[in-house]
Amino acid sequence: MSFRLVFTCEVCGTTPDELTQGSIERQLLHARFGQYVDCYPEKWLVWHGNGIYGRTLYACGKHRGELKSFVRRHYGAIGWHPWSTETYAANPPEDLDQARRRLRHTGPKFVAT
Ligand SMILES: [Zn+2]
């Protein structure tokens, strides 16, 4: 069975082109908390809230400002992360193996009883 992840802009509902889709998919392998991530070539912005900062949010290149405004308005009183001016680049393809190994170590642990 194959499946495809569908990302839509939170503001206008558009979907990324194929290259940006791959960029967004690759950066999901990193365990992030309270970080903005750039995904090229369409310059999408992804907010990795997780935990107290809510779910992961996506914005196309035209609506990056709206996404940051939304995050800061809703979560800005909780901590400093929404106010960060730093954005991280999505994972380059050569970093995939390292990201997958890290994800295996941070995933949920099940203990047989
Ligand atoms: Zn948009």
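**Entry 1: packing of α2**

I looked up what the buried residues of α2 pack against, and found β1 (35-39), β2 (44-48), β3 (57-59) and β4 (87-89). Contact here means heavy atoms within 4.5 Å. Helices (H or I, at least four residues) and strands (E, at least two) are DSSP runs, numbered from the N terminus.

I note that this is a predicted model, in which local features need pLDDT of at least 70 and side-chain atom pairs count only at pLDDT 80 or more, while totals for chains, interfaces and linings use all residues. Residues are numbered from 1 along each chain as its sequence is written, and side-chain values use heavy atoms, with hydrogens and water left out.

I then listed the buried residues of α2: Arg-64, Leu-67, Lys-68, Val-71 and Tyr-75. They lie on the same side of α2, because they cover an arc of only 95° around the axis. The arc is taken from the directions from the helix axis to the C-beta atoms. Buried means under 20% relative accessible area, exposed over 50%, and partly exposed in between (1.4 Å probe, protein chains only).

I checked the span of α2 (residues 64-75): its 12 residues reach 16 Å from first C-alpha to last, close to the 16 Å expected at 1.5 Å a residue. The expected span is 1.5 Å times one less than the number of residues.

**Entry 2: the zinc ion**

I looked up the protein donors of the zinc ion and found Cys-9 (SG), Cys-12 (SG), Cys-60 (SG) and His-63 (ND1), lying 2.0 to 2.4 Å from it. Donors are N, O and S atoms within 2.8 Å of the metal (3.2 Å for Na, K and Ca); water is not among the atoms, so sites may look incomplete.

The 4 donor atoms subtend angles of 96 to 117°, so the arrangement is tetrahedral. For four donors, that term requires all angles to lie between 85 and 135 degrees.

I recorded the donor spacing in sequence as C-x2-C-x47-C-x2-H. Cys-12, in the segment before α1 (18-27), and His-63, in the loop between β3 and α2, are 51 residues apart and link distant parts of the chain.

I compared accessibilities: Cys-9 is buried at 3%, His-63 is buried at 16%, and Cys-12 is partly exposed at 43%.

I searched the whole structure for disulfides, that is, pairs of cysteine sulfur atoms within 2.5 Å, and found 0.

**Entry 3: Glu-42**

I located Glu-42 in the loop between β1 and β2, where it is partly exposed at 32% relative accessibility. Leaving aside neighbours within four places in sequence, Glu-42 is in contact with Thr-15, Pro-16, Asp-17, Thr-20 and Gly-61. Glu-42 and Lys-62 are 20 residues apart in sequence and 9.3 Å apart in space, C-alpha to C-alpha.

Key
Tetrahedral: all angles 85-135°; square planar, octahedral: opposite > 155°, others 65-115°.
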